[in-house]
Amino acid sequence: MYFVYNIFMKYTFFTNSERAWKSMFDAVGLAKKSIYLEMYIFKNDMDRFNFFNLLKSKAKEGIQVKLILDSFGSISLSNNSVLELKESGAEVLFLSYLRHRMHRKVLIVDEAVAFLGGVNLHQTARLWNDLVVKIKGPLVRQLVMSFIKSYTHAFGKDLSLLNRVQSKKILFKKVRSWLVEHSPVRNNFNLKDAYRKHIDKAEKNIILVTPYFIPKRWLSALLHQAVLREVKVDILVPRNTDHFLIDRVNYFYMYRMSKLGINFYLEPDMNHAKLMILDGKEGMVGSQNLDFLSFELNSEIGVFFNEKEVVDRLSVISQSWQKNSVLFNIETYKPRWFDYLLSPFINLFSKIFW
């Protein structure tokens, strides 16, 4: 399933990995000038959509290919594979910080079309639901500048990109969608600020979609305050994620937060999407999870929308997922002894590293 906004196809939403991959793969295949890719997990293991071989091929054609990968998330990409990419002419950079991860998922082709969302490039995610927005128009220019910032911090050497950091800021007379850049390594916590600001002003309902729900105290308090204001809070989480231990932590926090009046819906399939909708008027799609890693340790990126047509499309997407979900029932779930040990350990870990 995918959704297109307006006749100019300014925004297109893809709701699973394979459909997002196909559109991304097609766009890369048509590249004439440049391909910029930021990815948390990038593996040379994909079958139908072999981005590794395609990027090598495009680099050999003389296309400017720049990859920024996370050193931990993409640790499975072998040294030989990295060497192959470099020998083809691609520039491959790894962001490596002890306490910070590069969790962004961004693809920009010819500085004319961009993809942003939750999708990584590895075969394990083939059957997952996810959410990616394909963007055309002025917002792509902002994404290019955002990529260049990451390129600078990854110690890229291409002066044709580095010299553009000093270019004038892009100004828009009427902003109806905008980027939210989040980079703890630059002491930039815009994502955290955005959630605080927008959740705090919600009046009717809040819809959140996340694969991992490990909230810090400030986020738990914000959601509880919303419930006390009689705002309906619905959170969609997979019944089972790709990590058994995360499942246990997810359920423990769902159990605690359900007692405060928050509704959790368990989705039958793995859903890696990251989505927020507020009062049916504003929506955000991005790379962030609802955990301490995304808000306090990871570099993330999201895009906010307040165009009615776009937010309506996002609402339809969330409703389609919610329709197939089951409401979490605290009466049928009882935490086990190790849940009471595991969850505090996660909290302790977050305090040590933050």
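Biologist: Between which two strands is the loop that holds Asp279?

Modeller: This is a predicted model, and in it Asp279 sits in the loop between strand 16 (275–278) and strand 17 (282–286).

Biologist: Why is Asp279 called buried?

Modeller: Set the value against the cut-off. A residue is buried when its relative accessible area is under 20%. Asp279 has 18% relative accessibility, so it counts as buried.

Biologist: Where is Glu230 placed?

Modeller: Look in the loop between helix 7 (217–228) and strand 14 (232–238).

Biologist: What makes Glu230 buried or exposed?

Modeller: The word exposed is used for values over 50%. The relative accessibility of Glu230 is 73%, so Glu230 counts as exposed.

Biologist: Let's turn to Val92. In which strand does Val92 lie, and why is it called buried?

Modeller: Val92 belongs to strand 5 (residues 91–95). Its relative accessibility is 6%. That is under 20%, therefore Val92 counts as buried.

Biologist: Which residues does Val92 touch, apart from those up to four places away in sequence?

Modeller: With those set aside, Val92 touches Leu67, Leu69, Val82, Leu85 and Lys86. For a touch to count, heavy atoms must be within 4.5 Å.

Biologist: How far apart are the C-alpha atoms of Val92 and Lys66?

Modeller: They are separated by 6.2 Å, although the two residues are 26 residues apart along the chain.

Biologist: And across the protein, what share of contacts between residues at least 6 apart in sequence join residues at least 24 apart?

Modeller: That share is 78%.

Biologist: How many residues of helix 2 are buried?

Modeller: Helix 2 (residues 51–60) has seven buried residues out of 10, and it is mostly covered. Those seven are Phe51, Phe52, Leu54, Leu55, Lys56, Lys58 and Ala59. Notice that two lysines, Lys56 and Lys58, are among them.

Biologist: Which elements do the buried residues of helix 2 pack against?

Modeller: Their partners are helix 1 (17–29), strand 3 (34–39), strand 4 (64–70) and helix 3 (79–88).

Biologist: Now to the largest nonpolar core. Which of its residues touch the most other members?

Modeller: In this core of 40 residues, they are Phe13, Ile108, Leu131, Leu143, Phe305 and Leu314. Helix 4 (residues 139–153) gives the most to this core, with seven residues.

Biologist: Which residues is Leu131 in contact with, leaving aside neighbours within four places in sequence?

Modeller: The contacts of Leu131 include Phe13, Phe14, Leu116, Leu275, Leu314 and Trp321.

Biologist: Which lining residues lie nearest the centre of the largest cavity?

Modeller: Of its 15 lining residues, they are Leu95, Met102, Ser183, Val185 and Ser299. Strand 6 (101–102) and helix 4 each give two or more residues to this lining.

Biologist: Why does Ser183 count as buried?

Modeller: Ser183 has 3% relative accessibility, which is under the 20% limit, so it counts as buried. Its place is in strand 10 (residues 177–183). Beyond its neighbours within four places in sequence, Ser183 is in contact with Asn188 and Ser299.

Biologist: How do the linings of the two cavities divide by class?

Modeller: The lining of the largest cavity has four nonpolar, six polar and five charged residues. For the second largest cavity, the lining has eight nonpolar, two polar and one charged residues.

Biologist: Which element gives the most to the lining of the second largest cavity?

Modeller: Strand 8 does, with three residues. Phe115, Leu116 and Gly117 are among the residues that line this cavity, and strand 8 covers 113–117.

Biologist: To finish, what share of the 354 residues of the protein count as buried?

Modeller: The share is 58%.

Definitions and conventions. Residues are numbered from 1 along each chain as its sequence is written. This is a predicted model: local features need pLDDT of at least 70, side-chain atom pairs count only at pLDDT 80 or more; totals for chains, interfaces and linings use all residues. Side-chain values use heavy atoms; hydrogens and water are left out. Buried means under 20% relative accessible area, exposed over 50%, partly exposed in between (1.4 Å probe, protein chains only). Helices (H or I, at least four residues) and strands (E, at least two) are DSSP runs, numbered from the N terminus. A nonpolar core is a set of buried Ala, Val, Leu, Ile, Met, Phe, Trp, Tyr and Cys residues joined through side-chain atoms within 4.5 Å. On a 1 Å grid over the protein atoms alone, a cavity is a set of points where a 1.4 Å probe fits but cannot get out, and a pocket is an open set with protein on both sides within 12 Å along at least five of seven lines; lining residues have an atom within 4 Å of a point. Ala, Val, Leu, Ile, Met, Phe, Trp, Tyr, Cys and Pro count as nonpolar, Asp, Glu, Lys and Arg as charged, and the others, Gly among them, as polar.
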